[in-house]
Amino acid sequence: MSLHYFALHTSVQCVDTTQLLKGVLDLAVLAVLREEDGYGYDILRRLREAGLEEVGDASVYGTLRRLFAAGLLTTYVVPSEAGPHRKYYSLNAAGRDQLTRSGKLWRSFATTMDALLDDRGMAA
Amino acid sequence: MTVTEQEITDYVARVRAALADLPPAYRDELTEDLPEHLAEVAAEADGTLVERLGEPEAYAAELRSAAGAAATTGGRRADRRFRATADRFRARLHRWDVQLGPPLGYASAGEFLRLLRPAWWMLRGYLAAMLVTVLTTGGTFGLLPSLNGSTLAGLVLLAGSVLASIWLGHHTPGLSRPKRRLLRVGTAVLVVFGLAGVVDMDGRARSGDFGYEQISIDGRYDHVRDVFVYDSAGRLVENARLFDQNGDPIRLGYPDCLDERDLNGSGNPLLRPYPYCPQQAPYAPRPPAATPPAPNVPPLPEPTTAASPAATPTATPAATATGTLAPAQPSPTRTG
């Protein structure tokens with residue numbers, strides 16, 4: 001999946017990356033949380049490490065809030081030995097379900113886009 | 001780490017101000033992670049928060065749109081209005097902060113004030129030492145602290161509290177929230193105490209009474225420079241000594257004349273008997289009284305008196321007294 005993001009990232013930079021990110025950030029956040037629970041800054045770091053370098057801090061926090069409000073995430077607080085307590089987010093059943101559906105949708109969309117670009121002779 | 005606690009607080013305040021129109025509970029939810037997040041961002045690299053994250057208002061706009069903010073959860077209206085007012089006030093403070101900066105030669109007034117922070121730590125330590133002084137001695141606010149009346153101990157206390165205050169200043173950001181609140185209350189107490197102390201000291205300085213306190217309870221004898229004792233016959237008694245009920249010598253005045261008796265150096269002139277200066281006696285029959293009828297004491301008694309003291313100490317004074325009252329007459333009874 002990260003390969004797709006990367007392709008997207010490099011091939012459409014002249015377009016508005018933030019616009020594209022808006023559409024896929026929900027999915028990206030859900031995907032990042034599938035492997036492991038995380039707190040805000042941690043999730044942001046994972047997204048950046050995965051190649052979404054231009055994701056905005058506020059966008060991630062806002063998205064987390066929205067996904068939580070939509071019932072796709074659960075939260076719990078973990079006391080940290082250094083510094084303040086951290087609020088961890090984890091996928092619940094609804095979140096995992098949503099991830100599967102959105103993931104499929106994205107893949108088909110991306111495949112369509114790739115094919116479209118390939119047809120016009122553009123390398124990924 | 002170049003980002004300070006203050007910068008984080010300011011940033012959060014501006015983000016919250018930009019979200020002031022949202023229901024408070026919802027806004028709290030949106031921004032609850034923000035301080036911790038900013039601390040993480042601050043820790044990862046150099047640069048100000050604005051350089052790294054953009055203006056707080058832009059951050060707030062992004063947060064709002066990403067969260068799809070349109071929720072209308074509850075929140076009491078009065079509470080909301082209060083928060084909106086508080087945020088507007090904070091935003092105004094921020095504007096003043098920025099506007100006052102350039103006249104001072106800094107980007108913001110806060111930046112200038114932050115430079116003064118160590119100076120404030122030292123002042124805080126001093127005020128704490130003065131508070132201890134005033135509380136323990138119940139005295140007035142002077143210039144130097146003292147402990148149990150000892151200025152030296154006071155200076156040690158001063159050094160200790162200044163160092164402690166500086167240490168505390170460096171460690172304030174690491175304190176937990178309740179401790180920080182406690183610190184804030186303590187600071188407020190010190191500020192009020194310091195202002196009151198300065199006003200009090202100013203008042204005393206203006207009235208000319210700079211903390212001077214009379215030591216003797218009865219000041220009636222302060223002007224006394226010498227003591228003259230007269231016997232019932234009005235004759236000046238020389239070499240008199242005064243004692244109180246405890247047998248302690250009473251010391252009054254100070255010899256301001258040269259006394260030939262003391263020329264051989266008996267040390268402390270205050271140990272001389274009264275009067276210090278017999279020639280200054282107010283009622284002295286200065287000219288030698290016309291020699292009263294003195295039947296058995298012939299012309300000059302000096303030789304006899306000079307010889308007699310050891311033999312008949314009690315008899316001689318009477319003899320001299322009757323003989324002459326000449327001021328220069330050396331006293332025969334130097335028994336003390």
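# A chat about chains A and B

Visitor: Where is B:P145 placed in chain B?

Guide: B:P145 sits in the loop that runs between α8 (117-137) and α9 (151-171) of chain B; please keep in mind throughout that this is a predicted model.

Visitor: Is B:P145 buried or exposed?

Guide: B:P145 is buried, because 24 other C-beta atoms lie within 10 Å, where 20 or more are needed to count as buried.

Visitor: And which residues is B:P145 in contact with, leaving aside neighbours within four places in sequence?

Guide: With those neighbours set aside, the contacts of B:P145 are B:A129, B:M130, B:V132, B:T133, B:G154, B:L157 and B:L158. As for B:T133, its C-alpha lies 5.5 Å from that of B:P145, although the two residues are 12 apart in sequence.

Visitor: Switching to the nonpolar cores, how many residues does the largest one have?

Guide: The largest nonpolar core has 43 residues, and the ones with the most contacts inside it are A:V29, A:I43, A:L47, A:V60, A:L64 and B:L63. Helix α2 (residues 17-35) of chain A is the element that gives the most to this core, contributing eight residues. There is also a second, separate core of six residues, with B:A128, B:A129, B:M130 and B:L157 among them.

Visitor: Take A:I43 from that list; what is it in contact with beyond four places in sequence?

Guide: Beyond that range, A:I43 is in contact with A:V29, A:V32, A:L33, A:G38, A:V60, A:L64 and A:Y89.

Visitor: What about the sheet in chain A, what is the strand order?

Guide: The sheet is open and has three strands in the order β1-β3-β2, with antiparallel pairing.

Visitor: Which strands stand at the edges?

Guide: Those are β1 (38-39) and β2 (73-78) of chain A, and each has a single partner strand, so one side of each is left without a neighbour in the sheet. For β1(A), two bridges make the antiparallel link to strand β3 (residues 86-91) of chain A, and within that strand A:Y88 is the bridge partner of A:Y39.

Visitor: Which helix packs on the sheet?

Guide: That is α2(A), which touches β1 and β3 of chain A and whose direction makes about 95° with that of β3(A).

Visitor: Now the contact between the chains: how many residues does each give?

Guide: Chain B gives 16 residues and chain A gives 15 residues. On the side of chain B that touches chain A, the elements giving two or more residues are α2 (24-31), α3 (34-44) and α5 (56-66) of chain B, and the largest share, six residues, comes from α5(B). Sorted by class, that side of chain B has seven nonpolar, three polar and six charged residues.

Notes
Residues are numbered from 1 along each chain as its sequence is written. Chains are lettered from A and ligands numbered from 1 in the order in which they are written. This is a predicted model: local features need pLDDT of at least 70, side-chain atom pairs count only at pLDDT 80 or more; totals for chains, interfaces and linings use all residues. Two residues are in contact if their C-beta atoms, placed from the backbone, lie within 7 Å. Helices (H or I, at least four residues) and strands (E, at least two) are DSSP runs, numbered from the N terminus. Ala, Val, Leu, Ile, Met, Phe, Trp, Tyr, Cys and Pro count as nonpolar, Asp, Glu, Lys and Arg as charged, and the others, Gly among them, as polar. A nonpolar core is a set of buried Ala, Val, Leu, Ile, Met, Phe, Trp, Tyr and Cys residues joined through C-beta atoms within 7 Å. A residue is buried if 20 or more other C-beta atoms lie within 10 Å of its own, exposed if 12 or fewer, and partly exposed in between; C-beta atoms are placed from the backbone. Two strands pair if DSSP finds at least two bridges between them. Axes are lines fitted to C-alpha atoms, for helices over the stretch in contact, and angles run from 0 to 180 degrees between N-to-C directions.
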